[in-house]
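Subject: Handover of a structure and the findings from it

Dear colleague,

Please find below the structure that I am passing on to you. The findings follow it, arranged by topic.

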Amino acid sequence: MAVGAGFAVDPVVGHADPEQASAATDRQEQVLETRDGVAVSYVSYLLPLPANAPAHPAACDRVGYLRYRAIDGPADSAGAEHVVIQEQGLGGGAVNSDSVGANTVRSARNMGQHIEFWALARRSSCLDETFGFDYALRSGDYLDAVDYYFNGKVLDGQRFPGFRTNDQLAILDWMGMERVVWDQFEVMRHEVPERAVRQQKYVCTGISLGGLVTGFFADWDFGAAGAGADQCAAFAAQDSMISSDPVMLQHIPVLRDIANALVTPTDAVLQAGLGAGVLPRTLGGIPAIGTEAFMIMRLAGLAAHLDPDAESRLLAHLPREFVIDATLNYLTAPTWTSFATNGADGSGSIRDFRFTNTAMLGMLIDNNSNNFSIEQQGAGALDGGPVMTKSFPNPGEVTELPLFGSFLRISAGNQQRVYPTDRTVLYTWRNYDEVRGVPFTTPNHEVADIRDAARQLATGSPGAYWETYFPNRLVIDIAAGYGGSRSGEMAPLRGRGLARTKPYFVAFAGDSPVQAGMATFFPAPSTAQVVSLPGYAHIDTIGAAAVQNDGQPDYSGQQLALFVRSLG
């Protein structure tokens, strides 16, 4: 096993044994579309959960990914020069990376390389609510899905039973870090059985939380096959970092032992709380980032995809319930007073204004509208009527303050945000490449095509853009590993910084809060290739348009393709 200066892996009994074949079987591939020279398909394998796992849908016994490849490239993945394999961020489904997957493959092809990009789907995506989306995509009416999920509408004889409750999600307890990294390993091993070939072919990457997961993968012991780092030619962090030990506890024996002794029992208590159903197994009813919040964004995308220019009826069909109204209020409120009163101060709630379906989507996801930086994209600008500048939770301009300004990006981003003021006009939307002359933004901070965002959010089967039931178990496992636990299920986490022994690439989004925090406190290796993506918000790292406003290809896909080419 490779060991770099200052980084090591503890000896593991059994590494001399021959590597076994992948446990994944029954490979199935469903071709979804061909777009601008890139073939997109969904690949899945049978990889059953243990027999003692709680009752679960049959889909949870399969794992899969979205596969992107050039149509004139090798049909077999083993024939690709490299394969970029990516873990998704918190709550993200495989289709989160639809843009960067296609853009990276296309940029590599233009450089004379045929590579593939695999956007992994966490196994928990088997629980995604997709039936209403599939139906609406066939019928052409987004309200079919809205009314199915929120108003009891029957579709094809089926009525939505309601979002799953905590006691109905016991299977998520089986979808923590161990399951996620082993699923990735089995997929890699199935397609490329020889470890020596895997070490030359795979570029292991992760966006946001997916970068953290990739750090655990790198240091995880897979028995006779070696550590995760032994399966990868290189590592790439996409607005993230790749590490299982960011504060280097594992390099100081005394601290390592103390941390393990303290954190492991705490982790055991939390795991017991999950197993007993005392702790929430998913984000559930949390406004802005929970099950219903992400469903609203998906439905807004569906509406913008199916009927982009019509006046939106989405909000009129959403019930007035706490989680829904709290989500809409937090994401769109213009001032603290407006937020506290839900628009009753005279500013009006978002329900009081008129929008096209595309403008409605823009209000929920754009960096000049949405109040939560991690969910923002630079997808254009509100148009068609007067606007006011937002100050909730803070003005974007405060991020220009010296010293602490950049850290304030974590709340609402660094762009000026606006809110409608005329309740009579129909607000419309300018796409990312139509914003010249807009006073509150500039073309170099608008990088995502809202039509792409709408199409991706509208996705039904095989998996949703946002996971309906993201497993909190995964976050608890990351906290345990970072805190120093190396016992119990964290025992296979034996490597210490092995990703740093390989070529290492980091792409930070220029308008994201991640670089200010993560790069300051957890710097990349001194040998890493670090690039900044100017004008990109966090999600833009994986969601940017193929062609930017300066006529250049998507910087994220282009820079990643350049890094892959440098590997030979």
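Is Cys232 buried or exposed, and what is its relative accessible area? Cys232 has a relative accessible area of 0%, so this residue is buried. Please bear in mind throughout that the model is predicted.

Disulfides

A search of the whole structure finds 2 disulfides. With the bonded cysteines counted along the chain, they follow the pattern 1-2, 3-4.

One of them joins Cys60 to Cys126, with 2.0 Å between the sulfur atoms. The link of Cys60 and Cys126 is right-handed, with 80° about the S-S bond. This pair connects distant parts of the chain, 66 residues apart. Cys60 sits in the loop between strand E3 (38-46) and strand E4 (62-70), while Cys126 sits in the loop between strand E6 (115-121) and helix H2 (131-139). Both Cys60 and Cys126 are buried.

Another disulfide is formed by Cys204 and Cys232, with an S to S distance of 2.1 Å. Here the torsion about the S-S bond is about -80°, so the disulfide of Cys204 and Cys232 is left-handed. This pair also links distant parts of the chain, 28 residues apart. Cys204 belongs to strand E9 (residues 202-207), and Cys232 to the loop between helix H6 (209-219) and strand E10 (234-238). Cys204 has a relative accessible area of 0% and is therefore buried.

The sheet and the helices on it

An open sheet is formed by 9 strands, in the order E2-E3-E4-E6-E5-E9-E10-E17-E18, with mixed pairing. Its edge strands, each pairing on one side only, are strand E2 (25-35) and strand E18 (529-533). On average, and ignoring direction, neighbouring strands of this sheet are turned by 20° against each other. E2 and E3 run antiparallel and are joined by 8 bridges. Within this pairing, Gln30 has Tyr42 in E3 as its bridge partner.

Helix H6 packs on the sheet, where H6 touches strand E5 (82-87), E9 and E10. The direction of H6 makes about 140° with that of E9. Helix H18 (residues 555-566) lies across E5, E6, E9, E10, strand E17 (504-509) and E18. Relative to E18, H18 runs at about 165°.

A pair of packed helices

Two packed helices are described by the angle between their axes and the distance between the axes. For helix H7 (residues 253-275) and helix H15 (residues 472-483), the angle is about 170° and the axes are 9 Å apart. Because of that angle, H7 is roughly antiparallel to H15. On the H7 side, the contact is made by Ala259, Val263, Asp267, Leu270, Gln271 and Leu274. H15 contributes Arg473, Ile476, Asp477, Ala480 and Gly483. By class, the contact of H7 with H15 comprises 6 nonpolar, 2 polar and 3 charged residues.

Why does Glu129 count as buried? Buried means under 20% relative accessible area, and Glu129 counts as buried because its relative accessibility is 13%. Leaving aside neighbours within four places in sequence, Glu129 is in contact with Tyr149, Phe160, Arg164, Met295, Arg298, Thr468 and Tyr469. Glu129 and Leu364 are 235 residues apart along the chain, and their C-alpha atoms are separated by 20 Å.

With kind regards

Definitions and conventions: Residues numbered from 1 in each chain as written. Predicted model: local features only at pLDDT ≥ 70, side-chain atom pairs only at ≥ 80, totals over all residues. Heavy atoms only, no water. Disulfide = S-S within 2.5 Å. Helix = DSSP H or I, 4+ residues; strand = E, 2+ residues; numbered from the N terminus. Buried < 20%, exposed > 50% of the residue type's maximum accessible area, 1.4 Å probe, protein only. Axes fitted to C-alpha atoms, helices over the stretch in contact; angles between N-to-C directions. Parallel < 35°, antiparallel > 145°, perpendicular 65-115°, else oblique. Contact = heavy atoms within 4.5 Å. Nonpolar A, V, L, I, M, F, W, Y, C, P; charged D, E, K, R; others polar. Pairing = 2+ DSSP bridges.
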